[in-house]
Amino acid sequence: MFLINGEVIDKLAANDRAVQFGDGCFTTARIDAGNVVMLARHLARLQDACTRLAIPFQDWEILSDEMRRLAQPHAEGVLK
């Protein structure tokens with residue numbers, strides 16, 4: 001499952017920029033008791049990476065909410 005711009009999808013389109021060019025950055029966060037461990041640090045690292053790569057992104061609150069929502073039903077795991 002992928003969550004792209006808030007929409008749950010099963011596959012990425014071949015014309016998606018991330019697929020075509022590999023543009024992007026990511027983090028791998030640990031989930032413990034339904035919470036993203038060190039969420040603020042993960043978001044800060046993503047913000048820094050976007051700045052360095054000149055990737056325009058401003059929806060940090062939405063991303064934070066989505067990460068929390070995806071982690072919530074899981075006792076443990078990882079979130080990418």
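A residue is buried when its relative accessible area is under 20%, exposed when it is over 50%, and partly exposed in between (1.4 Å probe, protein chains only). By that rule, 22% of the 80 residues of the protein chain are buried. This is a predicted model, in which local features need pLDDT of at least 70 and side-chain atom pairs count only at pLDDT 80 or more, while totals for chains, interfaces and linings use all residues. Residues are numbered from 1 along each chain as its sequence is written, and side-chain values use heavy atoms, with hydrogens and water left out.

Colour by secondary structure. The chain has three helices and five strands; helices (H or I, at least four residues) and strands (E, at least two) are DSSP runs numbered from the N terminus.

Next, select Leu3, Ile4, Asn5, Cys25 and Leu63. Among the 30 lining residues of the largest pocket, these lie nearest its centre. H3 gives the largest share of that lining, six residues. By class, the lining has 20 nonpolar, four polar and six charged residues.

Now select Glu66, in helix H3 (residues 60-71).

Finally, show Leu3, Asn5 and Gly6, which Glu66 touches, not counting residues up to four places away in sequence. Contact means heavy atoms within 4.5 Å.

Terms used: 1 Å grid on protein atoms, 1.4 Å probe; cavity = no way out; pocket = protein on both sides within 12 Å on 5 of 7 lines; lining within 4 Å. Nonpolar A, V, L, I, M, F, W, Y, C, P; charged D, E, K, R; others polar.
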